[in-house]
Amino acid sequence: MLEVDDLEVRYGAVRAVRSVSIKVANGELVTLLGANGAGKSSTLMAIAGAVSTFSGRVRLGGAKVTGATPERMARLGVATVPETRNVFPDLTVAENLRLGAFLRRRDAAGVAADRDAFFDWFPILAERADQPAGTLSGGEQQMLVIARAMMSRPRMLLLDEPSLGLAPLVVDEIFRMIEGLKAAGVTILLVEQNARKGLAVADRAYVMRLGRIEVEGSAREVAATAELQSLYLGGAA
Amino acid sequence: MSSLQFVIDVLSLGSAYALMALGLVIVYGILRLVNFAYGELIMVGGYTMFLVSGSGLPWIVMAVSGVIMAMVAGIATDYVAFRPVRSRSITAVLITSFAFSTLLQNAALLFISPRPRTVPLPEIFSRTVEIAGVVTPARNLITIAVAIILLSLFTWLLRSTVLGIAMRAAATHLTMSRMLGVPANLIISTAFAISGFFAGVISILWIGRIGTVVPGIGLEPLLIAFIATVIGGMRSLQGAVLGGFLLAMIDTSLNYSLPQSLLQFRDAFTFSLVILILLWRPEGLIKGPASGQRT
């Protein structure tokens, strides 16, 4: 589905991402792990088209999409949930969801059906349908942005640190949501700092450090790597 | 009687000011850039009406073509002055929008005339009506009615259509809305088209007041719109409307209360009050969306 080859992202003179290559197969959940500042989010945002790539190639279903605009990536079926958890705070929950289905705006019946499905799954969103999204709690906002991304019926979901800043119980709930999406057949690239959680749901994983991929393999292999500890904690296992 | 007169004056002037401010703030809200060529959109509307009025076509054709040409000029502003340099630097956009504004004004000077041109409006604009003993020009009531209709229409557009929701979303976070598939160019061109629409309507109402069109006709509306949005809050559409009515109230109150000898200095009093409002509320009366960043 997604092939990233030799990707480099620069911010001025800073090389945030260096020769990163990632593959995500159809229906797979791949986790990109790493400490703060390792370049995970930059990689994800470059795939989404929100950050410009310096060099390298991105292919989606075999077609070259390097340097595509965010709206083009969305049209090609890649939905992105950035770590900043961007609900539109002044829009109501229902309006946020309606905007998520912007690309399917002609299909009113299908959009309404999907929205109701999410309302069944997360009754709290249904209760607050007419409230401004800015009044939701952090966890509810995270559910909303994931649901909003899914309203476009994407082929692939890019998730950036969905657990960031949430209470453990809420994190569990978000990960149950991710597992649910995976079970429904959605291809997912998940960026996580929480290695244990990220590996528990993943088929395969990559570990980034200082802008490079240091470890890659099946979730089990990566979990077994002694290096994983050192990559996060700088050697103190 | 006198108080009803005051209310009508404030409402009609405020309606015009609010429409002017909305046309400016709709673009500012999304791009965080002031379109200095906004006044010239009003000028384009005015001259289009002047040119069409010579053809002997009915009045409504003249008015509609004025509005349409102002919208076209608005979209052209995006293509000529904003789009080529938008992602590079704010300074560049400020300069290109000034340049486009100067270009349009000079085109009017060169190809039409520096002198005022009369735009014949239907007789109802110059008629007066009497309400409860108060005599007022009919154009004041027309202005109020137009503002009510356009504000309702605009509110409906923003609340109930997907495009309107997308525009509100883009005003808080353009990149996020792009990641949902909303094309940035569509949103920005729509904002410029709406801005041009308001400018076109303003040109009808404003010429209804002053009777003629000159190359510099847009300067005063631009200034009014700018002040109204600064008082009301640059990032909020409700703020722009509120600012327009507040500014109209200040102007009208001064008109009523200042002695004849001081009336020529009215603007100095107005601006002093504006400064006081800004000292009290530097961000304007209504703060607008919480987040929001430039692209």
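In chain A, 6 strands build an open sheet of mixed pairing, in the order β6-β7-β8-β3-β9-β10 (strands being DSSP runs of E with at least two residues, and helices runs of H or I with at least four, numbered from the N terminus; two strands pair if DSSP finds at least two bridges between them). The model is predicted, with local features needing pLDDT of at least 70 and side-chain atom pairs pLDDT 80 or more, while totals for chains, interfaces and linings use all residues. Residues are numbered from 1 along each chain as its sequence is written, and chains are lettered from A in the order in which they are written.

The edges of the sheet are β6 (78-81) and β10 (212-218) of chain A, each pairing on one side only. From one strand to the next, the twist averages 15°. β10(A) pairs with β9 (residues 204-209) of chain A in the antiparallel sense over 6 bridges, and here Tyr206(A) stands opposite Glu216(A). Helix α7 (residues 168-183) of chain A packs on the sheet, touching β3, β7 and β8 of chain A; contact requires C-beta atoms, placed from the backbone, within 7 Å.

Turning to chain B, helices α2 (residues 38-53) and α4 (residues 90-111) pack at about 25°, their axes 9 Å apart (axes are lines fitted to C-alpha atoms over the stretch in contact, with angles from 0 to 180 degrees between N-to-C directions). α2(B) is therefore roughly parallel to α4(B), a term for angles under 35 degrees. Among the residues that meet are Met43(B) and Tyr47(B) in α2(B), and Leu104(B) and Ala108(B) in α4(B).

Between the chains, 23 residues of chain A are in contact with 19 of chain B.

Terms used: Parallel < 35°, antiparallel > 145°, perpendicular 65-115°, else oblique. Contact = placed C-beta atoms within 7 Å.
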